[in-house]
Amino acid sequence: MYELPVLEPKLPLKALAVMTSGGDAPGMNAAIRGVVRTALNHGIEVYGIKRGFSGLLEDDMQLLDSQSVSNIVQRGGTFLKSDRCEAFKQPEVRAKTAQILRQKSIDGLVVIGGDGSLTGAHLLEEETGFATIGIPGTIDNDIFGSDDTIGFDTAVNTALDAIDRIRDTAHSHERHFLVEVMGRNSGFIATHVGIAAGAEMIVVPEHALDLEALSLQLASSRVAGHGSSGIIVVAEGKIPGLTGRLAEQLRIHGQKPHVCILGHIQRGGSPTGHDRVLASCLGAMAVKYLLAGYSDIMVGVRDGRIVDTPLDDLLRYRKGLDPELLNIALQLHR
Ligand code: ADP
């Protein structure tokens, strides 16, 4: 459970808007529901904006009632849809969207998304003074200021379920499998999945890959007669095709690994109980922060407490992967 801050309502808000933006993540629906029901309970109207900043720019939004968020807490994806909107990176476009929001007498905007979307939310507030609150919604868990993000737990469990199945085959055929999980810039999913799956090796963008050592390790486990099968979890990295190239290299070194790329199955599916609770709390608290007069912040979780972080901190700092986690993973499989 989370420790929640006590916030005194200060502003008489009439209406707010909510959107999901960037890559979808399981639990976004629960967060929208948290925003909508909390706002309605405080007598605030809520506009649901379709397709993130694209929908905002096109004034594609509608008033949501309590019923409109019924039966969605258990669904993956986002019923408001999501999109990427290149145009929103231009200041004049952001100024236009603030006008659209003000014309409807909307007092605040809640943006649920990854670091790109939250950067957009920050710039909108900085340039136009329009109140924004961010909620970290991404399976990657790579957002500074929050220990956890909506969708991460579900993605880890989805990948884990797949790897447990793959291990049966790996064991039966005495083969190594390279399993690629999502994570272009960060190895959070790979590390957590690697630990939970008991992976023999984990490859993450944060650490340079020693191919020679990896190959030797695979060969020596085979010679020793134990661990002749195994799972190597690979974060996809920035340049597509990393896992295929890795397999090629290992073949040159005499190994015969299979490759399995989990891809988008990690993004979908019903959110875990953990993600539903996290998303519901963050959605509800986003409204309470707005009512208390906060703006230009992200509502996240740190050390079990719901906390706020200035949105511009996300531009300045990067969330690092704890190297000790990787060490633990590698020590445990020996
Ligand atoms: P995510 O939010 O999942 O990180 P993206 O990085 O693709 O996904 O960002 C989603 C959207 O957020 C972009 O399509 C754009 O509309 C907005 N956005 C991203 N970066 C910026 C930026 N630097 N300035 C303004 N808007 C941005």
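Visitor: Where does the largest pocket lie?
Guide: The largest pocket lies between domain 1 (15–151 + 271–316) and domain 2 (154–267), because both give residues to its lining. Those domain bounds come from an automatic or database domain assignment. Before we go on: this is a predicted model, where local features need pLDDT of at least 70 and side-chain atom pairs count only at pLDDT 80 or more, while totals for chains, interfaces and linings use all residues. Residues are numbered from 1 along each chain as its sequence is written, and side-chain values use heavy atoms, with hydrogens and water left out.

Visitor: OK, how much space is in that pocket?
Guide: About 1000 Å³. A pocket here is an open set of points on a 1 Å grid over the protein atoms alone, where a 1.4 Å probe fits, with protein on both sides within 12 Å along at least five of seven lines; lining residues have an atom within 4 Å of a point. The volume is the space filled by probe spheres set on the points, which are joined across faces, edges and corners.

Visitor: And which residues lie nearest its centre?
Guide: Of the 43 lining residues, Gly23, Arg84, Gly114, Asp115 and Gly116 lie nearest the centre. The lining divides into twelve nonpolar, 16 polar and 15 charged residues. Asp, Glu, Lys and Arg count as charged, Ala, Val, Leu, Ile, Met, Phe, Trp, Tyr, Cys and Pro as nonpolar, and the others, Gly among them, as polar.

Visitor: Which element gives the most to the lining?
Guide: That's α4, with six residues. Both α4 (115–128) and β6 (176–181) supply at least two. Helices (H or I, at least four residues) and strands (E, at least two) are DSSP runs, numbered from the N terminus.

Visitor: Back to the domains: how many residues are in contact?
Guide: Twelve residues of domain 1 are in contact with ten of domain 2, contact meaning heavy atoms within 4.5 Å. The domain centres, taken over C-alpha atoms, are 34 Å apart.
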